[in-house]
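Here is a short briefing to read alongside your model.

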Amino acid sequence: MLGVAAALAFAGGGLAKTSRPARAEVQPAALAAPELGAETSLVPDYSDLPSGVTSQLASWIAVNDDNDDLPFMIVDKQAAVVFAFDAYGGLIGHAPVLVGLARGDDSEPGIGQLALSAIAPDERTTPAGRFLAHLGPSDHGEVLWVDDRDAISMHPVITTNPAEHRLQRIKSASPDDHRISFGCINVPAKFYEGVVKPSFVAGGVVYVLPDTKSVAQVFPAFAGSAYADAAARAPERCDDPLRDVPDGIPNPDPAMMCPIDDGTSGGLATR
């Protein structure tokens, strides 16, 4: 388990259900698996390696086999990005994400049984933690179930409500613009079809970093390791300032938009 995990350190299952609540949000696109670009190579591009906590957590996971020899992903809500790794800690893909509208690292009790219309804006959180994930059916098609109890899944970006501007938000340079979902993790369709589905066909582990709790509260074993100490000393790779956003749902600021080489072009629509 040391190979790529060591390089990262120095560089900085469940049963499928037949019916699920509506929080899955939409049916994934029926797309053929695209050719993967450089970002999905089994040989990591060290210029694109995650920095800080993400890098060190990935190393700690692989070295300690915390992923149980399964592929894994790390979702950084604050940076609005996901990194995917193979079972040995090799970086196989990365992409921007959309996450829950509200900040918070826990789901309200029983929220997984509610219809979307019954979930208040301040309850639309993406929970933090370690989750055994599996592909399975929902009311709207196949998704990657991250948290069955609270009906949190990962699926392609949806466009059923044009007023949400989700396709614009996922390309925004401001992480605040990426907060729009009811709690599910939205990813580019090409990333879902080309990385998530083939990698997680037999299940995997999804780690979601906190945005209100400390890393020690969510991942205490990692926080007590030398990897966490190294993460605390590591400089941030991106120093773009965050834009203040008023209460409510922010509209993307075109001035904050930037191109991201993540395989999103031509494949974002998920209908």
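**Strands, a helix and confidence**

In this predicted model, Leu-132 has Val-205 of β10 as its bridge partner. Strands (E, at least two residues) and helices (H or I, at least four) are DSSP runs, numbered from the N terminus. Two strands count as paired if DSSP finds at least two bridges between them.

**The sheet**

- Strands β5 (residues 129-138) and β10 (residues 204-209) run antiparallel and are joined by five bridges.
- Both belong to an open sheet of eight strands with mixed pairing, in the order β3-β2-β1-β10-β5-β6-β7-β9.
- At the edges lie β3 (91-96) and β9 (185-187), each of which pairs on one side only.
- On average, neighbouring strands of this sheet are turned by 25° against each other, direction ignored.

**The helix across it**

- Helix α2 (residues 52-63) lies across β1 (72-76), β2 (81-85) and β10, and runs at about 155° to β1.
- Axes are lines fitted to C-alpha atoms, for helices over the stretch in contact (heavy atoms within 4.5 Å), and angles run from 0 to 180 degrees between N-to-C directions.

**Confidence**

- The chain has a mean pLDDT (the predictor's confidence in each residue, from 0 to 100) of 74, and 67% of its residues reach 70 or more.
- Among the elements of the chain, β10 has the highest mean pLDDT (98) and helix α1 (residues 3-10) the lowest (40).
- Over residues 1-47 the pLDDT stays under 50, and the model has 133 contacts beyond four places in sequence for them.
- Residues 237-271 also have pLDDT below 50, with 77 contacts in the model beyond near neighbours in sequence.

**Reading notes**

- Residues are numbered from 1 along each chain as its sequence is written, and side-chain values use heavy atoms, leaving out hydrogens and water.
- Local features need pLDDT of at least 70 and side-chain atom pairs count only at pLDDT 80 or more, while totals for chains, interfaces and linings use all residues.
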